Amino acid sequence: MSRIGKLPITIPAGVTVDVKDSVVTVKGKLGTLTQKIDDTVEIKIDNNQLTIERQSDDKEPRSKHGLYRALVANMVKGVSEGFNTVQELVGVGYKAEAKGQVLELSLGFSHNVFFEIPQEIKIETVNERGKNPIIKMSCADKQLLGQVAAKIRSLRKPEPYKGKGIRFQNEVLRRKAGKTAGKGK
């Protein structure tokens, strides 16, 4: 049996879970999320505990058991607590500024990059003198937040020699030595 799939999900106070026609709807203080689930798994709710059970031990239901448990658990956590991500811009002259739902980035190109943020995501930028600019994002939908954060990072990935680029805070990069470090006499 799936180790992840058999774990029950505790539904916190203020969160309602509704299952109708293979669609799970989770409502909480931070919003409403929906997810279509496969017919090979079944959701049961009793006493603020949500469990996901598969109908058979065939390969397909086993593979989807843990997946749907993780998706529903992320939905419950998202509408109750939310998810956050923090990115920093490392490089001389790199800047970030949020104007409503548009993020303006200066990344060393000949022009500024304008990135439109979805309405579900709250964005904030911090520019302190002497420190790297920081982009803070929060959202109830983990998948959407991760996708937008990855798209922003792809605009200027951290390069391995000096580490310049957009990276997640506390991300560890593999650094390379330059050409002069390789020459040993």
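Helix 1 (residues 59–80) lies across strand 1, strand 5 and strand 6, and runs at about 160° to strand 6. Helices here are DSSP runs of H or I with at least four residues, strands are E runs of at least two, and both are numbered from the N terminus. The angle is taken between N-to-C directions on a 0 to 180 degrees scale, with axes fitted to C-alpha atoms, for helices over the stretch in contact; contact means heavy atoms within 4.5 Å.

This is a predicted model, in which local features need pLDDT of at least 70 and side-chain atom pairs count only at pLDDT 80 or more, while totals for chains, interfaces and linings use all residues. Residues are numbered from 1 along each chain as its sequence is written, and side-chain values use heavy atoms, with hydrogens and water left out.

The open sheet has 3 strands in the order 1-6-5, with antiparallel pairing; a pair requires at least two DSSP bridges. Strand 1 (9–10) and strand 5 (41–46) each have a single partner strand, so one side of each lacks a neighbour in the sheet. Ile9 stands opposite Leu50 in strand 6.

Arg54 also belongs to strand 6 (residues 49–54). Its side chain makes polar contacts (N or O atoms within 3.5 Å, one able to donate a hydrogen and the other to accept it; residues adjacent in sequence count only if both atoms are side-chain atoms). The partners are the side chains of Asp57, at 3.1 Å, and His65, at 3.1 Å.
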